[in-house]
Amino acid sequence: MQLLQNLINALQLGSFYALIALGYSMVYSILMLFNFAHGDIFMVGAYIGFGVATGLIALSKMGALAMPNWLILMLTVIFSMFLTSFVGMFVERVGYRPLRDAPRASAAITGLMIGIILETGNLILLGAEQLSFPSLVQTATYNLGGIYITNQKIMIVALSIGLAFALHQFIRRTKWGMAMRAMAFDYVVVPLMGVPLNKIAAMTFALGSALAAAAGIFYGIAYPVLDPYMGVLFGWKAFVAAILGGRGSVVGATLAGFLLGFIEIFVPMIFPSTIRNFIAYSIVLLILVFRPHGFFGEPYSARLRL
Amino acid sequence: MEASSEKLSNITRLSKISIRTFVSQVPLLGWLLGALIAVALEHFVGTPFARALGLPKALSLFGFLIILKKPFLIPSAVAYVLLIYILPIGIVARSSASIMNKLAGKLLDFPMLFSVIIHLGLLYAVVHWWSDMSLYRNDVARFMLIAVMVTLSLNIINGYMGEFSCSHPGFLALGAYSASVFTVLLFVDDRIFGLAWLPKAIGPLFFPIALIIGGLVAAVGALAVAIPSFRTRGDYLAIISLAFMFIVKSLIENLEAVGGPRGLSSQPNWASLPVVFMCAVLAVWIINNFVRSTFGKALNAVRDNEMAADAMTVNTRRTKMTAFMFGAFWAGVAGGLYAHVVRYVNPGDFDIKKLAEVLAMVYFGGLNSVYGAIVGACGISLLGEALRPLALYKWVIIPLLLILVMIYRPTGLIAFKEFDVKKLIQPKKVSP
């Protein structure tokens, strides 16, 4: 029973990691760079979601536009994903495009610094107190033979998997997705064939940020507290998941995100919960020692640009 | 009109040239003497002079703090800095240039070490007098010197070897904790370890041992990152080192024997300015020798092309392992010093924020260069102190500055520059 109950929790936590890890992984596959500001884009997405949701609820309460809660939720997700994608494009324009020919570590530093600016900017704008996300979903608990499942959790897990699947299909089936795959194959030669590198890179950042925003809103629904530093720990853990899945692999990042969720939930079942991080990172370290290129990544070769 | 503007541009050009020759003719000895005079001046007449200018007391950090706190004092602050620091340094350095050039030339007749020691003595005197004015300055100076050590040690791994290692806060934590455990266990009565085993009076003699133990523990910890680095590099190594950092933090948090998440306090007060200064000088000297040796060149070879380096008989495994352990050793020593300056450590000090700070120092100053490490460490820590009155905005300004540096100089301000002591201390040629 306990096991199954935790399974649901692990799926929920894993879906946050998976959605954020997808953003890291996609950017990596195109530019061979990790977007270290991504965790903070997740945070910004959650705050934008908060703003949109409160705005829509206020509108609805005033009677201007009477909307049912589910519609508000859908609109919040869509609007926030749309708005946050601009944040992602902005980060790409300011922090990554000027550094395309620079050493990769320099771009990592600009990403880190943009992350700090986003955190501090948020702190300056909204103050240090934690905001609580408005409850949009009427919580209903189902009892399935002793396991309690809330409709929130089902919705979060289903929507996350749906979004990951949609992204996968987008990359596999559409022309833009094909351009992304081509760029991932070689971003030096493919632009010579007429594929616009800057547009594709911006789109990749936008897609990743939109997914991060979705993760942010789901996070707000699941744990209704937002604070400016929430992206730091989540972001780094999702980064670990992205690496674990193999660089640039959408399927790998999703699976590794869920795996990380499972490790984090199931380790405290056996060991005291204070050593959760210790065990989780030791497992990561061991996996990388024995499989240095992640689950679905290509082995390290001399071809890789430094 | 045209003629006058031409004249003006002539004047600026001339003044530029004269400033350049003015600066280039003064040897390091002259600058140090000027700084010494300026600091002495401040020491003796600084406070009354500041009062006369309407300032509450002598400026604590070159006037940055007071300018940001009370903008209407800007003119007096500028006057103070000009009259106490810039003018004396400039005048003394310029007027003594020819004598100092001769002196520096004479000093080179002796073994070079002699000249170096005289320079270092002057530098120490400057730092000592400057930091003698207030406890705040003393702290700033000590933190700056420790930051220099940390930045240098990370520069070995990230700059000279070209990996992106995120494990430095972990090494710092290992060094800080092991050195603290050693000193607290042996020489201090406290609630975690009980009574002291040895009298406290002989403690300072053992302080170097504590630091070395801190360094060695960090170096052994570095094996956890170095061994996986044989098989992988780049992003995966970044993750391994990041995981290492989190593991160390989590381990210390769960180790009740050293205080767990509450941290470890009551370290003895042995990391005074001379001790920290000596450690920093030692670190600069040894690390500079290391990176200029064949080992350092092997590091560069591994960075530029591991396979080619291997083909050229560079033992890449041994090189990587040495670099990681050596860098971690100095980080551990710096951590030990840090613990004894703050006299309280807790695992929360060594997290992502510390990592961002150290990385900022390395990449701001410049990769693959000792000058860069010194400039980066001093620059970022001074900037951090100077912008303190701005509170939160500090964390917008410093990152923005760093982004600009990265965009316009992607490898940092002073990258790929050799630190040649002989060149630094020799007399400057006077152009005819």
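**From loops to cores**

Reply: In this predicted model, Thr313(B) counts as exposed, because it has 7 C-beta neighbours inside 10 Å and the cut-off for an exposed residue is 12 or fewer. Thr313(B) sits in the loop between α13 (306-311) and α14 of chain B. Its phi is a positive value, in a residue other than glycine, and lies near 65°.

Me: Is Arg343(B) exposed or partly exposed?

Reply: Arg343(B) lies in the loop that joins α14 to β2 (344-345) of chain B, and although it is not a glycine, its phi is positive, at about 60°. Its C-beta neighbours inside 10 Å number 15, and a residue is exposed at 12 or fewer and buried at 20 or more. Arg343(B) therefore counts as partly exposed.

Me: How are the axes of α12 and α14 of chain B placed, roughly parallel or roughly perpendicular?

Reply: The axes of helix α12 (residues 294-304) and helix α14 (residues 316-342) of chain B come within 10 Å and cross at roughly 110°. Since angles of 65 to 115 degrees count as roughly perpendicular, the arrangement of α12(B) relative to α14(B) is roughly perpendicular.

Me: Which residues of α14(B) does α12(B) meet?

Reply: By class, this contact of α12(B) with α14(B) has five nonpolar, three polar and one charged residues. From α12(B) come Phe295(B), Ala298(B), Leu299(B) and Val302(B), and the residues they meet in α14(B) are Thr316(B), Thr319(B), Lys320(B), Thr322(B) and Ala323(B).

Me: Is Gly294(A) buried or exposed?

Reply: Gly294(A) is found in the segment after α10 (276-290) of chain A. Leaving aside neighbours within four places in sequence, Gly294(A) is in contact with Ile243(A), Leu244(A), Gly245(A), Gly246(A), Arg247(A) and Gly252(A); for Arg247(A), which is 47 residues apart from Gly294(A) along the chain, the C-alpha separation is 7.5 Å. Because 26 other C-beta atoms lie within 10 Å, Gly294(A) is buried.

Me: Why do the buried residues of α6(A) lie on the same side?

Reply: The buried residues of helix α6 (residues 175-185) of chain A are Ala179(A), Met180(A), Met183(A) and Ala184(A). Lys175(A) and Phe185(A), on the other side of α6(A), are exposed, while the cover over the buried residues includes α1 (2-31), α5 (151-173) and α7 (197-222) of chain A.

Me: Which residues touch the most other members of the largest nonpolar core?

Reply: Ala214(A) belongs to this group, and not counting residues up to four places away in sequence, Ala214(A) touches Leu19(A), Val77(A), Met81(A) and Leu163(A). Among the 211 residues of the largest nonpolar core, those touching the most other members are Ala21(A), Ala214(A), Ile146(B), Met149(B) and Ala243(B).

Me: Which element gives the largest share of the side of chain B that touches chain A?

Reply: The contact takes 37 residues from chain B and 41 residues from chain A. On the side of chain B, the elements that give two or more residues are α10 (235-254), α15 (352-365) and α17 (394-408), and by class this side has 26 nonpolar, seven polar and four charged residues. The largest share, 13 residues, comes from α10(B).

Terms used: Residues numbered from 1 in each chain as written. Chains lettered and ligands numbered in written order. Predicted model: local features only at pLDDT ≥ 70, side-chain atom pairs only at ≥ 80, totals over all residues. Contact = placed C-beta atoms within 7 Å. Helix = DSSP H or I, 4+ residues; strand = E, 2+ residues; numbered from the N terminus. Nonpolar A, V, L, I, M, F, W, Y, C, P; charged D, E, K, R; others polar. Core = buried A, V, L, I, M, F, W, Y, C linked by C-beta atoms within 7 Å. Axes fitted to C-alpha atoms, helices over the stretch in contact; angles between N-to-C directions. Parallel < 35°, antiparallel > 145°, perpendicular 65-115°, else oblique.
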